[in-house]
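The following paragraphs walk through a single protein chain. Please look over the sequence and the structure before reading on.

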Amino acid sequence: EADLNVGVLTADERDAWARARAQLVDDGNLEALERVQQPILAVCLDDTSPVASEVTSRALLHGAPGAVNNRWWDKSLQLVVFANGKTGLIGEHSMFDGAPSLRVSAYVLARLR
């Protein structure tokens, strides 16, 4: 579908994503994939505007309705910026424990104050 992007593939089971990634590479998309995968974090700009903490938390954990394809789920860190200015950090912890994610969060919050 036209409104889906390649990021939605990273939400699939790891072996399925690995097969899809291999197909993307075979189709000549290695350079584009590397541009997404090499940076330390991904910035996700969401069109949604969650207000309640519970809704914001769910949008970060699962992706907001219609925004699940606006994530790169196997990226170690994702900074999500919602349309209303709220932000959140998603840490995929298979590469490291939670301490680096908390450190990044604390650093960003300290600079915002």
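This is a predicted model: local features need pLDDT of at least 70, side-chain atom pairs count only at pLDDT 80 or more; totals for chains, interfaces and linings use all residues.

Residues are numbered from 1 along each chain as its sequence is written, and side-chain values use heavy atoms, with hydrogens and water left out.

The predictor's confidence in each residue is given as pLDDT, from 0 to 100. The average over the chain is 86, and 94% of the residues score at least 70. Confidence is highest in α1, with a mean of 96, and lowest in α4, with a mean of 81. Helices (H or I, at least four residues) and strands (E, at least two) are DSSP runs, numbered from the N terminus.

Helix α3 shows two faces. Its buried residues are Thr56, Ala59 and Leu60. These cover an arc of only 95° around the axis, so they sit on the same side of α3; the arc is that of the directions from the helix axis to the C-beta atoms. Arg58, Leu61 and His62 are exposed on the other side of α3. Here buried means under 20% relative accessible area, exposed over 50%, and partly exposed in between (1.4 Å probe, protein chains only). Leu61 is exposed because its relative accessible area is 60%. In space, Leu61 is 7.5 Å from Ile90, C-alpha to C-alpha, although the two are 29 residues apart in sequence.

How many salt bridges does the structure hold? There are 3 salt bridges, each defined as a side-chain nitrogen of Lys or Arg within 4 Å of a carboxyl oxygen of Asp or Glu. Glu54 and Arg58 are separated by about one helical turn because they are 4 residues apart in helix α3. Arg58 is exposed, with a relative accessible area of 52%.

Another salt bridge joins Glu31 to Arg35, with the closest N and O atoms 2.8 Å apart. Both residues lie in helix α2 (residues 30–37), 4 residues apart, or about one turn of the helix, and both Glu31 and Arg35 are exposed.

Asp46 and Arg71 also form a salt bridge through their side chains (2.8 Å, N to O). Asp46 lies in the loop between β1 (42–45) and α3, and Arg71 in the loop between α3 and β2, so this pair ties together parts that are 25 residues apart in sequence. Asp46 counts as buried because its relative accessibility is 4%, and Arg71 counts as buried at 2%.

Turning to aromatic rings, those of Phe, Tyr and Trp (its six-membered ring) pair if their centres lie within 6.5 Å; planes under 30 degrees apart count as stacked, over 60 as edge-to-face and the rest as tilted. By this rule there is 1 aromatic pair. The ring centres of Trp17 and Trp72 are 5.7 Å apart and the planes stand at 90°, so the pair is edge-to-face. Trp17 belongs to helix α1 (residues 14–26) and Trp72 to the loop between α3 (53–62) and β2 (77–81), so the pair links distant parts of the chain, 55 residues apart. Trp17 is buried at 6% relative accessible area, and Trp72 is buried at 6%.

Finally, Tyr107, Val108, Leu109 and Leu112 form a nonpolar patch on the surface, with about 410 Å² of accessible area together. Patches are made of residues with over 30% relative accessible area and no salt bridge; like charges are joined within 9 Å and nonpolar side chains (Val, Leu, Ile, Met, Phe, Trp, Tyr) within 5 Å. Accessible areas come from the Shrake-Rupley method with a 1.4 Å probe, and for residues only the protein chains shown count as cover. Tyr107 is found in helix α4 (residues 98–112).
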